[in-house]
Amino acid sequence: MRRVLRAMPTMLKIGFSEAAAYRAEMLVWVFATTMPLIMLMVWTAVSEVAPVPSVSGRTWGTGSFVAYFLSAFIVRQLISSWAAWEINYEVRQGTLSMRLLRPVHPVLMYLVQNLAFMPLRFAVTAPVVVILLVSPGGAHLEKHWATWLVFLASLAGGWMINFFANIAIGALSFTMESSVKIMDVWLAAFFVFSGYLFPLDLFPPWLREVSAWLPFRYQLGLPVELMTGVHELPTALTLLARQLAWAAAFLVGSLALWRAGVKRFQAYGG
Amino acid sequence: MIRVRALQKHYRVHKRPPGFSAAMKAIFRRQYTWVKAVDGIDFDIEPGERVGFLGPNGAGKTTTLKILSGLLHPTAGEVEVDGHVPRKREVALLKKIMLVMGQKQQLLWDLPPAETFELNRAIYDVPRAEFHKRVGELIELLELGELITKPTRQLSLGERMKCELAAALVHGPKVLFLDEPTIGLDVSMQVVMRDFIRRYNEQHGATLILTSHYMDDVAALCPRVIVIDKGQLSFDGSLESLVQRVRPEKRVTLRFSRPVSKEDVSTLGTVVKHEAAEAVIQVPQDGVNAAVSRALGSLPVHDLNVENAPLEEVMSELFSRSRAAREAEAA
């Protein structure tokens with residue numbers, strides 16, 4: 001364990017060098033995740049005609065939509081992971097062999113590689129944060145500092161759910177031809193049930209109830225709700241606990257899938 | 001150092017004929033077949049040995065290497081590498097071994113090799129002083145120079161392979177598995193790689209196991225060879241004894257001061273090659289002296305050379321014999 005901790009700074013440093021080498025690809029990916037900005041335009045146009053009431057009793061105006069969708073964009077950047085695609089590729093090509101030969105758990109290597117992109121992601125989101133603060137959405141952000149601390153924890157929790165879901169789906173490629181299609185299904189559900197395309201608050205009550213029992217809301221919806229001041233501190237802490245429970249479940253489940261999958265690895269090629 | 005007993009690796013693979021209708025059928029009913037990649041092999045390798053794994057494509061050589069390095073879980077049998085069971089992938093074992101595959105790479109594609117060296121230093125917990133000394137040696141012996149500061153993607157295949165080998169040795173592995181390490185390299189680069197690998201073995205006492213389709217690699221590096229065919233071990237011994245077993249005849253190359261007819265040469269033995277001023281004949285081992293005496297006495301020989309049959313021919317004959325034996329068995 002101590003050996004791995006000693007290796008971490010170097011792994012992060014080299015991961016960051018790789019991230020810098022792929023900066024153009026990352027920007028392209030950022031452009032591919034601008035759906036919240038498109039939804040922002042749609043919903044602000046709607047709310048300019050008349051405020052949008054939700055079943056919960058909240059009224060959504062231009063300011064609240066701006067706050068919501070810019071927050072959704074920021075959170076999406078900061079919780080992102082692509083380990084499933086990488087694992088799927090490496091298992092199919094046999095290049096996973098090189099990771100398995102190293103005395104560091106491959107999942108930890110994927111984790112470090114994903115985290116190493118964070119500084120660049122912060123750089124990409126920083127201008128959006130500024131725009132959010134000076135926009136009409138700024139007035140709709142959370143005011144209480146303690147809730148912001150919960151938000152930071154929820155961001156970590158959301159990233160963990162996303163990352164370990166990626167590991168779990170990636171590990172399925174040990175047993176099936178390609179797990180990328182599973183990832184497509186997962187993403188489709190994520191877009192709907194996480195609040196990425198529209199606030200869960202605008203769902204009918206039964207659909208909101210369903211989304212509360214699924215992990216997707218805790219990936220993105222919860223951090224966005226905390227940013228936009230939807231929850232009082234006690235509720236925020238309860239939701240954070242649920243989120244961390246999901247993160248723990250994904251961690252345990254994905255590692256179990258990984259362990260079972262590696263036994264079936266056929267190290268094709270070479 | 002390495003102990004293998006009754007090792008088996010069987011795969012279940014999906015099988016379907018080509019064509020649209022076969023593809024449609026496969027959606028509803030998949031057909032599988034079992035492939036015996038390794039089917040009960042035993043051997044021991046002592047510390048510091050250099051051993052060549054030989055066999056035709058699909059013989060089970062690479063599968064065996066992958067089992068020895070812990071990448072594949074065997075179907076049955078026992079494997080030990082320096083007291084460890086490879087499939088458990090214990091950190092202590094992973095720090096002692098390395099598998100270099102000519103077609104797979106560990107170098108970070110968009111970063112210079114020096115970054116991969118540094119990453120390996122951290123991952124393998126190599127003390128900095130030791131790391132700098134070892135990398136310095138590797139740079140000198142492999143003539144890496146400025147290569148290690150260029151992005152890997154900009155290196156030629158040969159340059160990349162040298163850097164791959166260096167990256168694999170940063171932690172000073174005691175056991176080195178080399179799977180086609182010279183594949184695709186030009187002749188001079190192959191020589192550089194071979195020389196370096198032999199020197200590493202001699203200086204560090206590392207155990208080397210090599211698979212290669214280049215017989216020159218095997219001849220230059222491996223005093224002992226293990227031949228695997230269809231997952232079974234068909235020979236284990238010195239290269240010399242393999243040649244003796246498969247092709248005991250000697251080759252006598254004769255160079256003449258003036259043209260000599262094929263008829264004249266054929267009186268000495270089986271003519272393998274004949275040109276106006278040069279001929280190669282094959283003679284039984286105990287008939288070499290007689291053939292050479294006769295050649296010197298009756299022909300205008302100005303140079304001659306006696307050697308074994310080329311290793312490629314030996315291997316080709318060995319594999320065709322085993323193929324014929326299998327076909328006869330099947331019939």
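Contact here means heavy atoms within 4.5 Å. The model is predicted, with local features needing pLDDT of at least 70 and side-chain atom pairs counting only at pLDDT 80 or more, while totals for chains, interfaces and linings use all residues. Residues are numbered from 1 along each chain as its sequence is written, chains are lettered from A and ligands numbered from 1 in the order in which they are written, and side-chain values use heavy atoms, with hydrogens and water left out.

**View 1. Where chain B meets chain A.** Each partner puts in its share of the contact: 33 residues from chain B and 33 residues from chain A. Together the two chains bury about 3000 Å², and 62% of that sits on carbon and sulfur atoms. (Buried area is the accessible area, with a 1.4 Å probe, that two parts lose on being put together, summed over both.)

View 2. Look for 1 salt bridge between chain B and chain A, a salt bridge being a side-chain nitrogen of Lys or Arg within 4 Å of a carboxyl oxygen of Asp or Glu. A:R6 makes it with B:D125, and their closest N and O atoms are 2.6 Å apart. The top contributor is α4(B), with 8 residues.

**View 3. The sheet of chain B.** Six strands line up as β5-β6-β7-β3-β8-β9 in an open sheet of 6 strands with mixed pairing. (Helices, H or I with at least four residues, and strands, E with at least two, are DSSP runs numbered from the N terminus; two strands pair if DSSP finds at least two bridges between them.) At the edges are β5 (97–101) and β9 (232–238), each pairing on one side only. Within the sheet, β3 (50–54) and β7 (207–211) of chain B run parallel over 4 bridges, and B:R50 stands opposite B:L208 in β7(B).

**View 4. Helices on the sheet.** Helix α2 (61–68) of chain B lies across β3, β5, β6 (175–179), β7 and β8 (224–229), at about 150° to β6(B). Helix α9 (239–246) of chain B touches β3, β8 and β9, its direction making about 115° with that of β9(B). (Axes are lines fitted to C-alpha atoms, for helices over the stretch in contact, and angles run from 0 to 180 degrees between N-to-C directions.)
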